[in-house]
Amino acid sequence: MTPDQFIFLLCAALIIASAIMVVTSKNLVHSALWLVATLFGVAILYALLQAAFLALVQVVVYIGAIAILFIFAVMLTRRELRDKGPQLNQNWGLSAVMAVFTFGGLFYILSSWSGFSAKAVEIPVGTDPLRMLGYALVSPDAYVLPFEVASILLLAALVGAVYIATASKK
Amino acid sequence: MSIPLSWYLVLSAALFSIGLFGVLARKNAVAILLGIELMLNAVNINLVAFWRYGSTASLAGQVFAIIVFAVAAAEVAVGLALIISVYRRRTTVIADELDLLKW
Amino acid sequence: MTFWNDPINFLAEWLRGVFMGWGMAASPANAVTDIIGIVVMILFSMGIAILLVWVERKVVARFQDRLGPNRIGPYGLFQPFADIVKLIIKEDITPDGADKLVFNMAPVISLASVILIWAVVPLASKIYGVDLNVAVLYLVAVGSFGTLSVIMAGWASNNKYALIGAFRMVATMISYEIPMVVALLIPTIIAGTMSVKGITQAQSGIWFVILSPLGLLLFLICAIAELGRSPFDLNEAESEIVAGFHIEYTGMKFGLFYAGELLHAFTFGGFMAVFFFGGYGGFFGLEKLSAFTWLSNPFIQLVVFLIKALIGYWVIMWVKYSMPRIRIDHMLLFNWKFLTPLAFVLLMMTALVDKLLAPTNFYVLGMFLSNVLFAWIVIEILRAYSKRERSVTVEPAEPVAQAAHH
Amino acid sequence: MATESIIWLLPLPPLLAFFVIILFTNKGKALSHSIAVGAAALSWLGSMVVFVRTLAVENFGKEVFQSSINWLPTGDKWLKIGVLIDPLSAITIFFVAWTVLMIFIYSIGYHNYGQPNGDHDRKGLPPHGATLIDEHGHQQTVPSIEPMYARFFAFIGLFAFGMYTLVVSDNLLTMFVGWEIMGLCSYLLIGFWFGKPSARNAAVKAFMTTRIGDVFMLLGISFIYSATGSLSFRDILNEHTLSVLASTTTPILGLSAAGLMGLLLFIGTVGKSAQWPLHVWLPDAMEGPTPVSAMIHAATMVSAGVYAVIRMFPLITAGFDGHNLTTTMSVIAFIGAFTALFAATIAVAQNDIKRVLAYSTISQLGFMIAALGVGAYVAAVFHLVTHAFFKALLFLGSGSVIHGMEHGVLHTGDHSVDPQDMFNMGGLRKKMPITFWTFLIGGFALSGFPILTAGFWSKDEILADAFGNGHMVVFITLAVAAFLTAFYTMRQITLTFLGEPRTKPAEHAQETHWTMTLPLVILAVFAIGFGWVGIPEKFPVLGGLIPNWFHEFVGGTLAERPEVLVFNMVPLMTSLVVALGGLLVGWLVYRNVKSAVEDKLQINVLKNKYYFDEIYDFLFVKPSYWFAETFAYKFIDQTIIDGFINRIGGVAQSLGTGFRKYFDAPVVNGFGDMVGESAKKIGKKLSPIIQRGRIQYYMVASLTVAIIVAILYYFILT
């Protein structure tokens, strides 16, 4: 086992374990904190995949903003800070079965794909993926339009969210 | 880079399924959104992995991942705003109790 | 390669040789060497933190016309060690209703978030943790762990003051992160790289503070807000919420928060030096002269960097001990309605001027003058605004009253 | 800049002004009107440049300015859009630019710019006036500024965009787009004071009535597209296409294809230009602010209808041999002539100063339509242009009068006096001299006062054409209408300006602001001067002094230049007699009338506009209400659709009952019962299980089904 694989497995264990905690934890704040752990694990995966920029964006956006937002939301939508009673609804058994089936189905389809166990090639020396990504995001013959559309979506969502969440003045 | 692509794919499939379970089985609406976040992250793992294991010169995977970030942020903002708004009216965020949409 | 020219690599090579001599394979030897390097770096930063306790207390005493610690050791230099002993032997309390795991994790994450930053701090051209090509973003990303630790501490304490303090702190940190990122993008644009080492090297001719004084100002304000220091110390406003998110912490857990804060402040002082004052270098080309080649020595650079960082730290302290506290709503309004738009406009202006003037001889002058012009416009707008605000409040409703008499 | 580029850019400034005002400068009044007037001035400047350049082109009718681009892919071809300036659109753009600019400027004064905000003005209602207290403590009521000042300029900006688009279009599609934008704007502007129920209703009425015409017009456009595969004027109006279309017959009324197209397009015009029987909206449209009335309902929009017919003239007249009118042309001539007379008779009995003008507009448009119907192309264009100038002048003048009267009303505080009723006026000549003289010029132009005014030359040309081509019925009808025109115009002038003031407010009326009088003066210049460019060459004494430039210029549009008519004294004498006679009679009859009671012409049938509103109400409005309420809502919606949904179970049951009754078979009976009952029971049992309103339950269910289907699919197919 190479160090890479070791780190990956460690990371995967962290992701899976904390993801399971996210969906099963009885305390919602703990769920949100476990989500942070999952997301951090995913960020490490990005780093392993040599997408350093994405790894850091993952941390900034998810842990720095989204997770905090979740914790805020959890705290804002309750009268008592502690959760009581079960946090799963009556369908959880069926849901679990379905989730397993989904995993099985995905695994089945993926494993029958020819590129399933492809190996990565080294990123050619002299190319800077970060610089390329920067150019790709603002170059007209690459992704400037989707990028701008995404930013407009974000703006619209922001305005919408503020409007929805603002208490109507009486 | 001695890790085969399959590891990432299986991990992301597992993460996706866990997220799906969260969406289907959690009572609290915020927790449902947490599940959706897990699913989106699973998708992102796939995108970045495909970028790395495919042609690294074409940046579609990374760009899509960035767009997914934006979409996720938008989704969380709107979703949580909706939840807070619902809470203000109904004083509950338990999805099962929000069952007026029936005949 | 000698110890004097490249101490870190020299020592690493030597260690590696020692381990290989013990019969280790190459990759575990590398791994162990790396881990030792990390530990050394952490110890170094913690050592600085201990020193900072003394500096902070001494400086605040001077500001307040006192002597400060002067009993233990020369100039009270050993006072921090006494403090540490005190903190360690204090009773370690975890409150009853607290969420134990989260409660105990919070101070660790808080300190870790600061120490993680040190991975990219370029202490000297040859002394640094890692030269990351996205270091600027890394700085912000790691900072978000600090936010997380605050909210964890505030929530887990099961105390309303802690929670309110945490909310205030988090609101501040998240809000001020935006102008901060923009402020960080200014050196990035000028240097054309996100690597802090690259930014430092880009300043060997001229410091960025001359090219973008407003960027420095913006960064300083945001840094103070991020730190939660006065005038932005709403999180611990003693008169309102006692001590903020760490109200329930005692002993060494509190000590971790405290050390984290001090070290964070010092780190920001260091980054001020890195981004705007040439970091470890920036001798205006002096080191290229044969008489001054010794300026490129790593140890000289280390000393230069630490001095610059300390000056930055001192400015932050200076502000802290001379400014009154601002109200929370004013503070957030200041950010959203003034600082954020200002930062964006400044960024656009910098990018534009940079792009237009980069190949010409007027580059430095143009950048500086554009900053001055921008500052002047902003001040004029503010003046007009405040005049309007005042006129609204001052003007009495007299004419109407007179009309009513008729 | 290349002329084509200027033409492309012509409509844009008003559109930009619209967006800028709506989006950004809604709060700033001075800024908004500066933007709007600036945009109009820009378009005006461009139009003038284009116009002057057209003059410089030799034989312009054949070598026009045009440019087009691919716009919509339709299969393997492209739908092109483009711009075209030929003599017709050049002359149209000339008067449109002038009148639009004048009206924009006029609006500043009309909406009381510079006056204080009203005491209790609200959005959607006309300003009620503001109370000022000077340093001596005297209380004084003055007009107040329009509460939706900026919005008005935005709307007229959009309107101007529509008009320019329509005029510079080289194809039916963009022309129709401009046409519809104007329809929308006229709706918005007529209902500008939406706080008044009458304005609301008028807006809806205008929109709905013109919509009838527009639907037919769209049909016509579709027909043209399906028949020729193109919408560009150049493609449709070439001789080859036209001869093919003229020789194709259609099953409808035995019309040729060209005739049917022309008729369908003409119905659009009937709606837009308020011809009988779709004229009812225009008088009601006077509820809008006066600049709107002037702009939409006199100078530009209604002209657009006539413009469209003129534009499609070759299509309409396809198959016309020069003497015997085609069916389509007969219809057009009939409707035009009839409308001209019919509206003139109503105008005689109206008391509202703007309504008189509204009916006069309908009548004058009838003149143009009739002229087109008899093939008098140039005469129609000529009258279109002169009419636009003098009718805009009259409308703006009437707005100025109303404004002056309102000032009087506010000054005296006597709110019972209707500032629009002519019988409340009188003697305004001394109070408002500029308005009086310009209104007099406009009125004389409308009546066709000989030699001096533009209206004389254009109207005379129509009459001469009708006479010269032997259409005596049309000629006589138009002559009578012309007489009535002169009569009611003089009635209006006499009642409004001459004599002594009949009410207190009329005594205190005041001349209006220069922003209102300046446009009046400029338009008055055109109302006189524009006639001189089209004096017939054979006219006694004057003919040939100035070359008949207009005929040369506009006539060049057509494939074959219309030949100059043989001069005949009969139509000339007729127009002299009717114009002067009408004016004289009008003055004689009304010079001493003191109040509406003394007016002999207050005949109910005229006053009530031949009861057309009532008839339409009875024939169309009531039935459609009935249709909507009783048939569509109660019958179709409630009885059929809802009943269907609600009673499926019941139907199943009654089916079962039917089976039992008719077959009397216990087996069938029992089976039917069982099916019905069990369906009901299952439904009742399932409903709370399946339909819980719980989103997650639905998701699990759908996912389960999806996975089961996927598994089955895999196992069965592989």
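How many residues does the contact take from chain B and from chain A? I looked this up first, keeping in mind that this is a predicted model. The contact takes 60 residues from chain B and 74 residues from chain A.

Next I checked where the chain B side of that contact comes from. Helix H1 (5-25), helix H2 (29-53) and helix H3 (60-90) of chain B each supply at least two of its residues. H3(B) has the largest share, with 21 residues. By kind, I noted 44 nonpolar, 10 polar and six charged residues on the side of chain B that touches chain A.

Then I turned to chain B and chain D. Here the contact takes nine residues from chain B and eight residues from chain D. On the chain B side I found six nonpolar and three charged residues, and no polar ones.

On to the cores. The largest nonpolar core holds 215 residues, and D:Phe159, D:Ala380, D:Val381, D:Phe389, D:Leu478 and D:Ala527 touch the most other members. Helix H17 (residues 377-412) of chain D gives the most to this core, namely 21 residues. I also looked up D:Val381: beyond its neighbours within four places in sequence, D:Val381 is in contact with D:Leu88, D:Ile91, D:Ile310 and D:Val554. Another core, of 200 residues, lies apart from the largest one and includes B:Val76, B:Val93, C:Val170 and C:Ile199.

My last entry is on chain C. I found 15 helices and two strands there, and 42% of the 406 residues of chain C count as buried.

Key. Residues are numbered from 1 along each chain as its sequence is written. Chains are lettered from A and ligands numbered from 1 in the order in which they are written. This is a predicted model: local features need pLDDT of at least 70, side-chain atom pairs count only at pLDDT 80 or more; totals for chains, interfaces and linings use all residues. A nonpolar core is a set of buried Ala, Val, Leu, Ile, Met, Phe, Trp, Tyr and Cys residues joined through C-beta atoms within 7 Å. A residue is buried if 20 or more other C-beta atoms lie within 10 Å of its own, exposed if 12 or fewer, and partly exposed in between; C-beta atoms are placed from the backbone. Helices (H or I, at least four residues) and strands (E, at least two) are DSSP runs, numbered from the N terminus. Two residues are in contact if their C-beta atoms, placed from the backbone, lie within 7 Å. Ala, Val, Leu, Ile, Met, Phe, Trp, Tyr, Cys and Pro count as nonpolar, Asp, Glu, Lys and Arg as charged, and the others, Gly among them, as polar.
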